[in-house]
Amino acid sequence: MNIIIYRYKSICEPDFISAFKGLGLNVVEDNDGMSNELSLDQKIQRLGALIAENKPLFVFTINYYPFISILCEKLHVFYVSMTVDVPVFEIFNTSIRSPYNRIFLFDKDQYNEIHSENPSCIFHLPLGAACERISGILGDTDNYKYDISFVGSLYNEKDPLAKLSGLQNETKDAIDMAIRFQLESEVYGHMTLDSAITPDTIDSLKHSDKEFYPSSLSIRDISEYVALNDYICPHMTYVERGKVLSLLGKELSRSSIHLFTNSPAKELSQDVTLHGTVDSLKEMPFVFRQSKINLNITTRSISSGLSQRIWDVLACRGFLITNYQPEIDLFFKDGIHLVTYKSYDELMEKTAYYLAHDEERETISLNGYKEVCVSGSVTTRTIEMLRIITGS
């Protein structure tokens, strides 16, 4: 049985390709998504020809492409997509209502935003761990190189709010105040921030940025959602990650705090050791395995779900301390498979504690590794998708 995977260089694609192949499906790869030379019309024509030639069970993508949904509906072929990011504004496109869609969303809040638009075709499904691939890369690697590590962007290079020169001072002040309140109240989500999104805020953002994502092809006006998730949440993520890493660097100065990133990091505490970025598929697993403590600081636009970093760390048999997320309790037990924090004081206390208690830390990391390999692998997620798609 053939399936077509439309690729655009997502780091999640190889693991799903391996999972599909491992389950006996013949994977036909369409690499046009990686081409800057082809027009959208050319990509549509070429994908249509590929569908006609291979007669696939479905077309699959990481994240959602409206033009593929429209094409698949015309050709009466299922279109399957798995979101790995928040936001994905395309999920609000009117094409989401197609009966040929099978859309899987990893964040429950993201799912709740659009499920009612196509209840029989939109599903909640968490991300997964690439246990087999990572095990093959790491082998018996078991030595520690780092005390505390964070791998990822600081989000300052992804912070569109900071780049808006025409934003009114009143709007900036209101957003900054809402961010401070949010950081003081919860270590996840953006509940407090919602109050900062007024019609004036939206108008100011639209006036300052002509590329503000439009609602013209969406199921409803998503301007408030765009303002929150494309501007304010990335800015708060930048503020929060810098704050957390600097706090750790100052509070635990005898320990070694390591940051692996491409982001500018001049404002961080000098107690944080800076590294360049690491290759996500080849090098990152070694950082996770060889760190006594791995940090996860979830980007604020992911308001309920579990980011890919959580699954990746556990798949490497790494010890993880992560901010609490509402969906963690659905899959893991705090203190058994991983460790969560609900305040920055709690993060400091738990980091110091687990640095000093090797046996407890290593027991938890082993438990987390076993849990994701048994019930949270990419293959497990792929089987669930196929079960839903085929109705079996």
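Modeller: Start with β11, residues 320-323. Strand β11 is joined to β12 by 3 bridges, and the two strands run parallel. One of the residue pairs can be named. Asparagine 323 has tyrosine 341, in β12, as its bridge partner. Keep in mind that this is a predicted model.

Now widen the view to the whole sheet. β11 and β12 belong to an open sheet of 6 strands. Read across, the order is β9-β8-β7-β10-β11-β12. The pairing is parallel. Two strands sit at the edges: β9 (272-275) and β12 (339-341). Each of these edge strands pairs on one side only. Neighbouring strands of the sheet are turned against each other by 25° on average, with direction ignored.

Next, look for the helix that crosses this sheet. α8 lies across β7 (146-151), β8 (257-260), β9 and β10 (291-296). Against β8, helix α8 runs at about 150°.

α8, residues 223-251, and α4, residues 108-114, each supply at least two residues of the lining of the second largest pocket. Of the two, which gives the most to this lining? α8 does, with 4 residues. The volume of the second largest pocket is about 290 Å³. Its lining counts 19 residues. Glu113, His190, Tyr225, Leu228 and Asn229 lie nearest the centre of this pocket. Sorted by class, the lining holds 7 charged, 7 nonpolar and 5 polar residues.

Then turn to the largest pocket. Here the volume is about 940 Å³. The lining is made of 34 residues. Nearest the centre of the largest pocket are Ile11, Asp85, Gly152, Lys158 and Arg309. Two helices, α9 (284-289) and α10 (308-315), each supply at least two residues of this lining. The largest share, 3 residues, comes from α10. By class, the lining of the largest pocket has 15 nonpolar, 13 polar and 6 charged residues.

How many cavities of 30 Å³ or more are counted? The count comes to 1. About 170 Å³ of space lies in the largest cavity. It is lined by 18 residues, and Ile11, Asp15, Arg133, Gln308 and Asp312 are the closest to its centre. The largest share of the cavity lining, 3 residues, comes from α9. By class, the lining of the largest cavity has 12 nonpolar, 3 polar and 3 charged residues.

Finish with a single side chain. Threonine 382 is found in helix α14, residues 378-390. Is threonine 382 buried or exposed? Its relative accessibility is 0%, so threonine 382 counts as buried. The cut-off for buried is under 20%. What does threonine 382 touch? Leaving out residues up to four places away in sequence, threonine 382 touches Phe16, Ala19, Phe20 and Leu23.

Note on methods: Residues are numbered from 1 along each chain as its sequence is written. This is a predicted model: local features need pLDDT of at least 70, side-chain atom pairs count only at pLDDT 80 or more; totals for chains, interfaces and linings use all residues. Side-chain values use heavy atoms; hydrogens and water are left out. On a 1 Å grid over the protein atoms alone, a cavity is a set of points where a 1.4 Å probe fits but cannot get out, and a pocket is an open set with protein on both sides within 12 Å along at least five of seven lines; lining residues have an atom within 4 Å of a point. Grid points are joined across faces, edges and corners, and a volume is the space filled by probe spheres set on the points. Ala, Val, Leu, Ile, Met, Phe, Trp, Tyr, Cys and Pro count as nonpolar, Asp, Glu, Lys and Arg as charged, and the others, Gly among them, as polar. Two strands pair if DSSP finds at least two bridges between them. Axes are lines fitted to C-alpha atoms, for helices over the stretch in contact, and angles run from 0 to 180 degrees between N-to-C directions. Contact means heavy atoms within 4.5 Å. Buried means under 20% relative accessible area, exposed over 50%, partly exposed in between (1.4 Å probe, protein chains only).
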